Amino acid sequence: MTTLDRRALNRATLARQSLLERGDDTALTVVRQLVGLQAQDPEPPCFGLWSRIEGFRADDLAGLLHSRDLVRATLLRGTQHLVAADDYLWLRPVLQPMLLRWQRGAFGKATAGLDTGELADAARGLLTAGPVPRPELGRALADRWPGRDPVGLARSVQGLLPVLHPPPDGTWGRRGTTPFALAEQWLGRPLADDPSLDDLVLRYLAAFGPASVRDVQAWSGATRLGAVVDRLRPRLCVFRGEDGRELFDLPDAPRPDPGTPAPVRFLALLDNVLVGHHDRSRIVEDDRRPYLVVEAPLTVDGFVRGLWRLERPRGRSRAEGGGRDRAVLDVRLFTPLTPAEEEAVAEEGERLLGLAAADADGHGLRIRPLDP
């Protein structure tokens with residue numbers, strides 16, 4: 001059994017994630033390839049697609065949400081994701097057992113003693129006429145069950161009922177209340193009757209492999225997938241990691257030479273490639289992982305080397321000879337860069353500023369150690 005080291009796994013995963021080179025695929029094609037994009041906030045999915053697609057614009061993503069080709073919903077791990085509408089129709093039912101566990105764990109106190117089926121039916125009735133903002137939905141449910149937490153009731157609906165959050169929710173720069181819509185009504189199509197965990201595992205491996213059973217469980221939130229992988233074993237390649245664990249993959253999936261160059265990338269906060277495995281050492285060292293919960297990472301040669309954030313301090317007025325809104329890309333490094341690496345970071349950073357701060361009066365870049 002072939003052993004794959006950390007670098008081999010890194011390059012294989014970057015290849016599946018379209019992070020070895022930008023392509024000319026559409027945003028819809030890339031989202032399908034990735035199965036979905038983590039999307040708690042509007043901007044990270046745009047950064048994620050910009051890192052993968054040549055010439056990507058935030059309007060491209062907004063257009064797909066308005067056309068209903070992409071949807072935003074609670075899915076993998078009970079977190080918000082952007083997925084292709086076609087994928088939502090089978091992903092939601094295959095993840096339903098996990099989402100019920102998520103609801104009990106996150107909002108079980110709010111629904112203690114309630115018949116959650118009755119709660120789901122009540123929410124469905126309220127949403128039949130069209131999208132309803134989450135606060136309004138919560139208040140209506142609390143009117144039916146006085147004394148209950150409206151937020152907990154409304155958020156529970158995301159686990160109990162197939163609902164989507166239609167645009168302008170999820171579009172660049174949009175802030176405000178989250179609308180709820182019935183998925184089948186918004187899409188005009190029914191959910192899959194007989195969704196398959198086999199499809200979930202195979203799609204995962206296409207986007208994140210080679211990977212272990214624990215990896216696919218960590219990514220999806222689903223449990224007891226060992227039996228699924230065993231059933232698929234005759235169709236899969238089996239490798240071994242440096243720690244001895246079995247790693248599974250599709251036979252025709254790309255596994256580039258470990259020496260393949262990997263360009264500098266400013267990844268999105270909680271980018272797919274960062275949260276797609278239980279063992280994330282293929283891209284980030286364990287002691288750096290806590291930083292990535294709240295800050296976006298910079299990768300150099302395929303591995304996390306620093307963090308980045310955009311600052312837009314108010315500068316001098318134009319009358320004083322300065323821009324009123326100068327955007328600064330602040331990069332903090334875990335380890336120093338070589339001159340060539342720093343030049344590559346600066347070039348990619350300037351491109352990022354063109355997306356993230358196109359309306360600023362000026363741009364700047366600051367590179368410094370994480371710990372002064």
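This is a predicted model: local features need pLDDT of at least 70, side-chain atom pairs count only at pLDDT 80 or more; totals for chains, interfaces and linings use all residues.
Entry on Thr-13. I looked up Thr-13 and found it in helix H1, which spans residues 6–16. Its relative accessible area is 2%, so I recorded Thr-13 as buried, the cut-off being under 20%. Setting aside neighbours within four places in sequence, I listed the contacts of Thr-13 as Phe-208, Gly-209, Val-273, His-277 and Arg-282.

Entry on Arg-282. I then turned to Arg-282, which sits in the loop between helix H13 (272–275) and strand E11 (296–300), and I noted that Arg-282 is buried too, with a relative accessible area of 3%. Its side chain makes a polar contact with the side chain of His-277 at 3.3 Å. Not counting residues up to four places away in sequence, Arg-282 touches, among others, Arg-6, Leu-9, Asn-10 and Thr-13, as well as Phe-208, Gly-209, Asp-215 and Phe-303.

Entry on the cores. I next looked up the largest nonpolar core, which has 42 residues, and saw that Tyr-88 and Leu-95 touch the most other members. The elements giving two or more residues to this core include strand E3 (70–74), helix H5 (85–111) and helix H10 (197–208), and the largest share, eleven residues, comes from H5. For Tyr-88, leaving aside neighbours within four places in sequence, I noted contacts that include Val-71, Ala-73, Pro-93, Pro-162, Leu-164, Ala-183 and Leu-187. I also recorded a second, separate core of 39 residues, with Leu-34, Trp-50, Ala-296 and Leu-329 among them.

Technical notes: Residues are numbered from 1 along each chain as its sequence is written. Side-chain values use heavy atoms; hydrogens and water are left out. Helices (H or I, at least four residues) and strands (E, at least two) are DSSP runs, numbered from the N terminus. Buried means under 20% relative accessible area, exposed over 50%, partly exposed in between (1.4 Å probe, protein chains only). Contact means heavy atoms within 4.5 Å. A nonpolar core is a set of buried Ala, Val, Leu, Ile, Met, Phe, Trp, Tyr and Cys residues joined through side-chain atoms within 4.5 Å. A polar contact is a pair of N or O atoms within 3.5 Å; within protein, one must be able to donate a hydrogen and the other to accept it, and residues adjacent in sequence count only if both atoms are side-chain atoms.
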